[in-house]
Amino acid sequence: MSRPETASESVQGALPLKPADYFILFVLRDGERHGYWMAKEIERLTEGQVRLEAGNLYRSLRRMMKSGWVRQADRRPAVESDDERRRYYGVTELGQRIVRAEVERMRAVVAMAEARSPSSPEGR
Amino acid sequence: MSASPPNVPGLRSFEALYRRLVWLYPAGFRRTHGTEAIEFFRDRYRTAFRQRGWPGALAAALRGYRDLIVSALLARWDERPFRRSGFPGRSNRELVGAIARDSVYAVRTLWRAPGFAVIAVATLALGIGANTAIFSVVNGVLLRPLPYPEPDRLVNVWQINHEWLDSPDPRFRNLGAKFPVSAAVTWDWVERAAALESVGAYNTNRPAMDFGDRVEQMWTAEVTSGVFDALAVPPHLGRVLVADDDRVGAELTAVLSYGFWQRQFGGDSAVIGQTVTLDGDAFAIVGVMPEGFYFPDPSAQVWTTLDDEAKQRPRDWQFLQAVGRMRPGLSVETAQLEMEAMNAQLTEDTAGDHKFGVRLIPRTTEVVGNVQRALLVLIGAVGLVLLIACANIANLLLVRATARRRELAVRAALGASRGRVMGQLLTESLVIGLLGGLVGLGLAVATFKPLLAFLPSSLPRTDEIFLDQRVLLFSLAASLATGLLVGVLPALSVSRTGITDVLREGGRGFTASGGRRSAHSLLVSSEIALAFALLVGSGLLVKSFVRLTSIERGFDATNVAMAFVTLRGERYGDEQTRTTFLTSFEERLAALPGALSVGFADNMPFGGGTSSTTMTVETLSGPQEINLQYSAVSADFFDALGIPLLAGRRFSGADRAGAPPVVVISEGAAREMWPDGDPVGKRMRRGSLDGEGEWKTIVGVVADTRHRRLDIEPRPKFYEPVHQVRRTAYIAVVKTQGDPNAVGSEARSILNELDPAIPVPRIATLEQQIANTVAMPRFRTLLITMLAALAGLLAVVGIYGVMAYATAQRTSEIGVRIALGARASDVVGDVLKRGAVLAGIGLAVGAAIAFAAVRVLDNLLYQTNTHDPAMFVGAGIVLGVAALVASYVPARRATRVDPVEALRTE
């Protein structure tokens, strides 16, 4: 039944991203990280607005790995900051394209809102 | 990894639970992420504890659990069979479709077993309905913010009387720690307290309001403008009181409540500028507050300015309470520190004239602090009842799951994964939970009005109890939790069953496996344990309540009517007029049919007021100061209340104005001042040692009486003859032969004949007045006892169900035993033994739970030890016997099995 999807279709079909997915892909942009670091980094970046708990985070990671947006890292960071029990994740080529597309999408949304706003104050 | 960071309190237990729960994840997920998730949890907990202490840590733990349970369920969905059987990916539509199919299937299954469905839904509906009702009370009283903007910034401001704090007498210590304020210090605070954006003082009052055609007493509050500033609620009409109203010489002004404005002025906006007359003074109406506004409690209908005399009273005239609004962003602790610094400066600047400390208490805490514990205990108890109901339904579901094993096994054989089958069972229990919740919510709505009427009058904020969104959400959450709770064990039990085993068993009897039997036992034992804890708690509350209400009061409240009379105006300033009035009122009342004796007092036990003063008394070791309660009473007052005379004489008609001043003292006063001697003939006078009051001779000693509350020991007290002191308010008491309520209307019409200008008196019976003071303990005792009885009943039904099921399962075995010559008593004994073991385990665990849990009752109990062994033994016997009876019935039935019949079913 199913036919192979084209690359652009699979990118567009993934949008809009769930906030958690977006932030995970976003904090992975600079390199490979482990789960708890991501949660803390996201919390820091959003000043506590977005707080991911363990189950939600790992489930999202699993889902994005299955979809091929995220992969598990085989390399490990320098020994002193490493913890052997931890798994490290990185973003794939597809994942990067999806984040970029999502940023574009949000930018368009914002632009649309801003284009409308000046007319509203005296409107009603 | 570096050395592990130090442990924080509670982490070990919370983490242990988390580790258990991790097993909810599908195996793959757990192996890959389990360890990290635990580490994640631990770190979150630690951070939260360090940053925000216990509350933060608790919240972090709960967030972690919630996340785990939700994500475990979702992860199971992620990995359900569709994808393995060739559907690439998973869309939301498929998920919704699966849930919808399961739901429809669940409803159909329930429809086919209406008996089971009705029992399950009704049981859960009772549980969820009761929880919703109690939660609506907790929500209105404890959770809803006070109806003022940013109520967290509101504080009550008290003084601290350091002298009293050191007193050996706990009554003084309590009062010293929350000492009223003076007008003078309020003005100082308005000027100096930077921690408070605004602060004002107030006092509730019960003046007579002149309505033209009648005079009626009503509750009002005298307030300074700072009170309105602090509350920050804008008026509905006109204005609130402003700083100019605080000026000495300013016009007397008043603000009306919305309700009073509607009732008395028909909501007419021309009310501004009109006047209300209170105790003969005209107050100009300047504003009306919006609907729903109240202060300090809903009884106050009018807020007035203080009169000029009150505004100028000195520092030692301390009769006001104060409320303030903290500067934004300030914590109570910081504000307290700032206030203390300000206060120290004030003491210095007034050269020690101001000698009190200052204390801030969040207003919310003071409004609801007293009932918080009782309400939390109630919601805990009703939660336990729901848990027990859940256990019962879970048991039923387990039985059903066993009976349906073939059906489920066939589904599994046809390709449904274990997760899929579990999902279906869970959907079924969720549907039951939601139906139960829906019916329960209906019950709560239907019984809402009666519930409100049932609440004790002393419960604050009952006007703010609504079935609001939060209550609905609570109800929904309770339904979902209930659904999950009752479904988890049966679903797990099915998932452990091997498909082939079931199918291979073929049509033969479905005996419960060992695992399932232990699940039944676990459920029943837990039910008994929880019911036991509730029974112990309720027993303690009942015992305490009986102690409280049967305590020696020192007087006899049977058939005593009370009329609260206020004399107004210049004419009663004259001694002669007052005496004449009281005498003729007394004569008229005494002439009423059924009146046994009539007395007067300016304040009396459970009459709503107390006065105390410093007295200097002649003791054996010379003059001494003592603080005594006092009361002015008529000659027959002691008779009317049945207060026994212990020595000397009572007052008589001769103790009138102008006669030598005399007093009667209480036993406690006599004991304290003349421990070894006879007080009769000794003298006392008002004021301290260097005072100049008139000496009064002690002529008699009467028994101690409890005055304000039954659980407060009587204080030493003295009585003066009512005609020798000037008062404006009296309580007339009439001891009657029959129903005291009959006297009320008579007293009203007599008063109206004597002087129509006297406000219509409030009428009550002494029994009612006492009952009002124990309304809260009675309410919680009654409710907890009802809940405990319900819990006990559910637990007994539970044990009956399990025993009946177990014996039914063993029908053929029992048949064989009987065929081989076993006696009925052996069979019964066997079944009873199992019942006894289950009950015994439950009771043992319950005793442990109760032992730890009764601590929460500690300050709700009066003269009752929380660990009263009699209660533990009593609850054990009640539940144990009930459990045995519940086991005996099915056991008896089993012995009537016809061996042939039993063997044929094999």
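Biologist: What makes β1(A) and strand β3 of chain A a pair, and in which sense do they run?

Modeller: Two strands pair if DSSP finds at least two bridges between them. β1(A) and β3 (residues 88-91) of chain A have two bridges and are therefore a pair, in the antiparallel sense. H34(A) stands opposite Y88(A) in β3(A). The model is predicted: local features need pLDDT of at least 70 and side-chain atom pairs 80 or more, while totals for chains, interfaces and linings use all residues. Residues are numbered from 1 along each chain as its sequence is written, and chains are lettered from A and ligands numbered from 1 in the order written.

Biologist: Why are β1 and β2 of chain A called edge strands?

Modeller: The open sheet has the order β1-β3-β2 in chain A, with antiparallel pairing. β1 (33-34) and β2 (70-72) each pair on one side only.

Biologist: What packs on this sheet?

Modeller: Helix α4 (residues 54-66) of chain A touches β2 and β3 of chain A, and its direction makes about 100° with that of β2(A). Such angles run from 0 to 180 degrees between N-to-C directions, with axes fitted to C-alpha atoms, for helices over the stretch in contact (C-beta atoms, placed from the backbone, within 7 Å).

Biologist: What share of each chain is called buried?

Modeller: A residue is buried if 20 or more other C-beta atoms, placed from the backbone, lie within 10 Å of its own; exposed means 12 or fewer, and partly exposed in between. Buried residues make up 23% of the 124 residues in chain A, and 40% of the 906 residues in chain B.

Conventions: Helix = DSSP H or I, 4+ residues; strand = E, 2+ residues; numbered from the N terminus. Contact = placed C-beta atoms within 7 Å.
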